[in-house]
Amino acid sequence: MSVKDQITAPAPPRRHPWRERLLENWRVFHRNPLGRVGLILLAIFAIMAALSVAPPLIDPMYHPMTGVDPEVMHSSPPSWRHWLGTDFMGRDILSQLLAGTRVAFMVGVSAAFMSIVLGVSVGMVSGYLGGWTDIILMRLSEIIMVMPTLLVVLMLAALFGKLGIWTIVLMIAFFRWPGVARVIRAQTLSLKGRPFIDAARVAGASHARIVFRHIMPNVLPLAFLYMTFRVTAAIIIEAALAFLGFGDPGTVSWGMMLQWVWKTGHMFQAPWWLLPPGLCISLLTLSFYMLGRAMDEVLDPRLRDQSH
Amino acid sequence: MTRSPVWRLAIILPLLTILLALTQIRPGAAADWDQGVLRVGVLEEPKSLNPWLAGDSWSSHVQALLYQPLYLREPAELKPAPWLAAEPPVFDPQALTYTVRLRPAHWSDGSPLTAADVVFTAELIQALKVPRFASLFAALKRVEALDQHTVRYKLSRPDASFAARALGAPVLARKQWQPVLEQCRMTQRPLASLLQYKLEAPLSNGPFVLAEWRKGVYIYLKRNPHFFGQGLTIAGRRLGPEISGVVFKVYGTSDAAVLALRKGTIDYYWNNIQPGYLRDLTRDPAVRLVHSQKSALYFLGFNLRRHPTGQAAFRRAVAMLIDKQFVIKRVLQGSGEVMSSLLPAGNRLYHLDQTPDYDQPLTRRQRIEKAVAILSAAGYAWDQPPAWEGDRLRPGRGLKDPEGKPLRELGILTPPADYDPQRAMVGVMAQEWLGQVGIPAFARPMAFGAMLEQVKSRHDFDMFVLGYGNLPLDPGWLGAFFLGANDKPRGWNMSGYHSPEFDSLANQAGRAMDPDERRPLVLEMQRVLMKDAPFLPLYNPTLTEGLREDRFSGWVEMVGGVGNLWSFCELTPRAGRARP
Amino acid sequence: MTRYVINRLVQIVIILFMILTILFVLFRLAPGDPVARMVDPNMTPEDAARLIAQLGLDLPIWRQYLAYLGNCLTGNFGHSFHYGLPVLEIIGQRLPNTILLFSTGVLLSAIAGIAWGKLAAWNKGKATDLWLTVASLITHTLFLPWLALLLIWVFGYKLDWFPINGMISDEVWLDPDSGVLMKAWDVAYHMILPLGTLFIMHFGSYLLVMRSSMLETLKEDYIVTARAKGLTEKAIRNHHAAPNAWLPVVTSVGLSLAFSINGGALTETVFSWPGIGRELVFAVSQNDYPLAQASFLLVASVVLFSNLVVDVLYAYLDPRIRY
């Protein structure tokens with residue numbers, strides 16, 4: 001709206017303040033090209049994940065893990081039967097790709113969610129209580145944060161031999177919470193001094209109530225933002241683990257697909273197999289990242305570009 | 001950093017061009033030093049050249065060229081030919097002794113190889129119980145040198161495998177290892193010290209000697225001028241070596257090695273070539289593909305300690321359902337043979353040549369019908385047995401065991417698909433085939449180490465698909481795998497098979513020093529095992545190797561591949577071909 | 001300042017000690033038999049048991065732990081199960097290779113990232129900025145192993161410009177005639193693709209940080225002053241804005257170190273570059289406890305020390321910070 005319009009337009013009717021804020025945020029988000037592209041990409045992948053249940057229903061030979069095509073038992077280029085060709089065992093690559101989308105979302109979102117839960121709790125507790133709890137928790141988070149997650153998870157992966165997909169998710173979540181915790185802690189510290197907290201304390205609210213009822217809602221938007229970054233990290237780590245051969249052998253993930261194409265010697269022979277999984281990993285990561293950057297702008301008004 | 005974009009381009013472009021130009025200079029263009037040197041590509045370098053420590057295949061490849069045994073199997077009949085020994089061992093059945101006379105031979109530093117070396121090797125193995133060899137010499141009571149060139153082994157009990165296994169173990173140099181042994185004896189853990197001893201310049205009694213080992217990149221072996229076999233004719237074959245040396249190039253991945261083979265940077269890739277590469281390689285005129293039999297066994301194992309896999313009828317039904325011809329044709333892409341017995345056909349002396357009914361060519365329909373018949377006769381029942389509607393099969397549902405309880409989920413453990421796609425695929429197919437009859441089986445790919453742990457140590461499995469790529473031709477291991485006594489954690493009896501009939505046969509066979517007496521016993525052992533089926537042998541894959549013949553000729557084909565000692569001793573450089 | 005550094009050093013030692021202990025506990029708890037891989041059909045269970053005893057794996061846990069600690073303190077990290085050689089020796093052989101590849105990669109990415117970040121910030125809103133930012137975003141989120149495989153496929157296989165893996169060619173190093181220069185060039189030749197991978201992956205983050213940092217700095221008052229004083233744009237950019245914009249990049253290098261190390265390990269594995277990262281992955285897959293432990297410890301120490309260095313550097317560069 002131009003300046004003239006803003007002056008002459010009637011004042012909008014009063015709505016719930018948070019809904020208004022949400023709409024405003026959405027407008028900012030939507031204006032940002034990063035956010036738009038990110039959202040579109042994400043939507044595409046979401047559709048892919050939803051579609052992943054379809055191929056085995058069409059014909060059992062399209063099952064990503066156990067699909068046995070009676071006519072094709074080796075790696076073949078794209079054809080009408082198999083739109084992206086087949087892997088070395090004759091399994092359909094497109095259905096593997098779709099199944100991998102589902103796994104990527106599941107791993108990414110679960111790991112991110114768990115690390116957020118952990119990170120927010122630790123951050124709030126640490127910021128609110130202060131003292132020794134704070135020091136110990138922050139030292140702990142420093143140590144964990146500084147470790148190269150992939151290598152640590154790799155060590156754990158090898159130690160425990162067989163890794164289920166959920167174990168991997170848990171491990172990733174366990175090593176990614178520190179980043180969130182520190183930010184949440186900073187926010188908590190700044191909130192701690194606010195008058196409404198004092199008011200609550202005077203009114204006799206317990207610590208737990210203060211933390212969860214008053215601080216948490218204000219801290220959540222930031223947490224949500226950081227969740228998008230955790231998702232990218234989780235997806236990449238799971239893919240890297242699978243690529244190196246430490247993933248869950250019973251799950252088809254994009255990283256696993258890359259491992260198969262690499263280890264079975266089809267790297268040079270089968271571009272239809274080599275290109276899609278890596279492309280998907282990169283694009284999904286990109287979309288979450290762009291989403292994150294766009295939301296960054298939403299949450300931090302200073303980053304909003306005023307000269308649009 | 002303060003230059004404008006134009007400036008920047010002015011610097012980057014020339015740099016890039018120079019860079020590209022430089023990449024066209026292939027480092028290491030034709031040189032003189034490597035005329036007559038065979039270049040072999042390997043996937044991994046040896047763990048170690050310390051013979052006491054390393055027995056894995058990559059280490060053995062190189063060690064086989066350095067450390068020689070008394071007897072070596074020759075390619076034609078696979079019979080042990082006198083190698084370091086001058087003639088076959090003389091066996092005295094009364095005294096239980098083997099007397100071996102040695103050829104004149106020398107170590108790579110010129111010192112003579114005598115009976116003392118042979119005695120020393122055997123004594124060290126026994127004294128420290130070196131894990132790699134200890135069981136081979138378990139029956140040895142005493143070994144002595146009768147003179148400089150004669151050794152006598154005295155056994156404490158009859159051991160049918162002794163001649164083939166113990167006398168096929170390498171002979172090491174007393175001169176080199178005696179001082180090491182003494183050092184190790186002074187430590188708290190002599191065996192560990194011996195295994196961890198860093199071997200710098202191994203004394204070799206073989207056709208080659210170590211010249212240089214650059215870790216992770218290459219191993220360069222030069223011809224050993226003191227090789228005892230130079231110019232000799234053994235087992236009807238004239239030996240060299242005629243090549244001046246061997247370079248083992250380490251390629252981390254198969255891609256790199258196959259590429260090198262095609263480009264001509266190596267003459268031979270010492271590994272099985274996966275089907276993914278075969279299409280391109282068959283079309284390449286410069287590369288020759290050699291197919292060899294292996295002494296291997298890939299099988300489906302059952303856990304006899306559990307139900308229903310403990311029931312013979314159940315196992316026979318499973319055997320009926322598994323279409324091995326299909327596996328060979330589709331999973332192995334034709335590159336293998338069906339195994340109907342636990343010993344491969346290549347093992348001509350001991351292989352049991354019979355085809356059980358389930359290995360006959362049968363259609364899917366016939367297989368299902370027969371399997372249903374077997375299960376029904378044993379008391380299994382379905383809520384809804386498998387039925388045919390025209391051409392489509394309606395899978396069986398609600399399968400119950402003879403006691404009326406529904407079958408629980410059965411796991412088929414396999415290695416992961418990247419480790420061995422074939423075994424993983426077999427698991428998947430078995431799942432499908434068993435499911436058609438209503439048996440709730442599920443293929444479970446597992447990390448290999450974890451799988452071994454579960455199968456061998458904890459015996460926590462229903463079925464598994466494993467394989468041994470390199471079984472000794474001597475059938476002594478058959479006993480190890482199925483003797484009731486070996487059913488313990490980490491023991492080799494993974495299935496939990498207990499059969500007094502088999503035990504007595506196996507023990508007898510283990511004591512049968514006369515091959516004519518032993519052979520029928522081993523055949524009978526196989527018959528019993530095939531009847532009880534604790535293992536279902538599946539296939540024996542064909543080994544496909546790639547080599548070039550533009551520089552060298554004279555490769556010797558043999559069970560186990562072209563990379564054998566005879567090849568290395570018989571290869572000759574083709575005249576007048578410089579390096580491409 | 002010194003007190004701060006000493007404080008941090010003490011912390012690092014404590015952290016390393018904790019890591020050592022955790023590693024020890026985890027390795028002992030883990031299922032997966034280290035001997036299982038070393039056993040072949042010849043070995044009876046008794047032989048296997050003997051091997052375990054020889055390797056000291058059958059002593060009571062607390063004794064193993066004490067022996068372990070004592071050894072680590074004296075620098076004896078044991079013998080690799082797989083190679084039979086002292087772990088320190090293996091690590092010693094691999095470490096220089098990693099340092100070579102990794103530091104060159106980080107250095108090149110940082111220099112390019114900073115230079116281009118400055119460029120992007122200066123040309124904000126124009127085409128240059130757009131292309132650079134888009135390029136950074138895209139390359140930053142690529143999947144490293146996939147990028148590596150692609151580069152190998154295109155440049156190694158299809159175009160045959162570079163070797164597809166390894167660090168050196170035996171032809172060069174075996175040839176008694178080749179000189180030092182030839183050998184050095186051989187290594188560099190092999191390093192181009194892995195370096196390219198690392199560079200492509202990492203320059204983006206430095207670029208974006210530098211760019212936003214520059215933009216922040218350019219809003220500062222002293223820039224306005226400088227402009228009012230009549231200085232040229234170029235002078236303002238290079239002598240006033242850039243030096244201050246550097247600082248967040250320095251921290252960013254430190255923070256992204258863990259990320260880069262992950263990337264380094266993956267790169268080494270795909271290119272079969274004989275470094276620590278690859279050795280760690282290999283040791284872990286072989287259940288080679290001593291080697292895996294020591295490699296990981298090394299990586300952890302590097303990370304901790306680099307963070308310390310970065311913090312100190314930051315404090316040194318930013319006059320506002322005083323400990």
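Leaving aside neighbours within four places in sequence, which residues is Val153(A) in contact with? They are Met171(A), Ile172(A), Phe175(A), Ile237(A) and Leu241(A).

## Model and confidence

This is a predicted model. Its scores are ipTM 0.83 and pTM 0.83.

For chain C, the mean pLDDT is 81. In that chain, 91% of residues reach 70 or more. Helix H2(C), residues 45-54, has the lowest mean pLDDT, at 72. Helix H6(C), residues 144-158, has the highest, at 90.

Chain A has 12 helices and 0 strands. Of its 308 residues, 51% are buried. Consider the contacts in chain A with a separation of 6 or more: 72% of them join residues 24 or more positions apart.

Val153(A) also belongs to the largest nonpolar core, which has 335 residues. Val153(A) is listed among the residues with the most contacts inside this core. From chain A, that list also holds Leu151(A), Leu154(A), Ile172(A) and Leu241(A). From chain B come Val246(B) and Ala430(B). Helix H10(A), residues 207-244, gives the most to the core, with 20 residues. In soluble globular proteins, nonpolar side chains tend to be buried together.

## Helix packing in chain B

Two packed helices are described by the angle between their axes and the distance between the axes. Helix H3(B), residues 115-128, packs with helix H5(B), residues 174-185, at an angle of about 35 degrees. Their axes are 10 Å apart. The crossing is left-handed.

H3(B) makes the contact through Ala116(B), Asp117(B), Phe120(B) and Leu124(B). H5(B) uses Arg174(B), Trp177(B), Gln178(B) and Leu181(B). By class, the residues in contact are 5 nonpolar, 1 polar and 2 charged. An α-helix has 3.6 residues a turn, so residues three or four places apart point the same way.

## Helix H10 of chain B

Helix H10(B) spans residues 324-331. Its buried residues are Lys324(B), Val327(B), Ile328(B), Arg330(B) and Val331(B). What do the buried residues of H10(B) pack against? The partners are strand S18(B) (336-338), helix H12(B) (421-437) and strand S24(B) (535-541). After H10(B) comes Gln333(B), with a positive phi near 55 degrees.

## Chain B against chain C

The contact takes 47 residues from chain B and 48 from chain C. On the side of chain B, five elements each supply at least two residues: helix H6(B) (190-195), strand S11(B) (218-223), strand S14(B) (245-250), helix H7(B) (254-263) and helix H13(B) (448-457). H13(B) gives the most, with 5 residues. This side of chain B divides into 21 nonpolar, 14 polar and 12 charged residues.

## Chain C against chain A

Here 34 residues of chain C are in contact with 32 residues of chain A. Several helices of chain C each supply at least two residues, among them H1(C) (2-29), H5(C) (127-140), H11(C) (257-271) and H12(C) (276-285). H6(C) is another of these helices. H13(C), residues 289-317, is also in this group. H13(C) gives the most, with 7 residues.

How many nonpolar, polar and charged residues does the side of chain C that touches chain A have? The counts are 27 nonpolar, 7 polar and no charged residues. The side of chain B that touches chain C, by contrast, includes 12 charged residues.

Note on methods: Residues are numbered from 1 along each chain as its sequence is written. Chains are lettered from A and ligands numbered from 1 in the order in which they are written. This is a predicted model: local features need pLDDT of at least 70, side-chain atom pairs count only at pLDDT 80 or more; totals for chains, interfaces and linings use all residues. Axes are lines fitted to C-alpha atoms, for helices over the stretch in contact, and angles run from 0 to 180 degrees between N-to-C directions. Helices (H or I, at least four residues) and strands (E, at least two) are DSSP runs, numbered from the N terminus. A crossing is left-handed if the near helix is turned anticlockwise from the far one by less than a right angle, and right-handed if clockwise. Two residues are in contact if their C-beta atoms, placed from the backbone, lie within 7 Å. Ala, Val, Leu, Ile, Met, Phe, Trp, Tyr, Cys and Pro count as nonpolar, Asp, Glu, Lys and Arg as charged, and the others, Gly among them, as polar. pLDDT is the predictor's confidence in each residue, from 0 to 100. A residue is buried if 20 or more other C-beta atoms lie within 10 Å of its own, exposed if 12 or fewer, and partly exposed in between; C-beta atoms are placed from the backbone. A nonpolar core is a set of buried Ala, Val, Leu, Ile, Met, Phe, Trp, Tyr and Cys residues joined through C-beta atoms within 7 Å.
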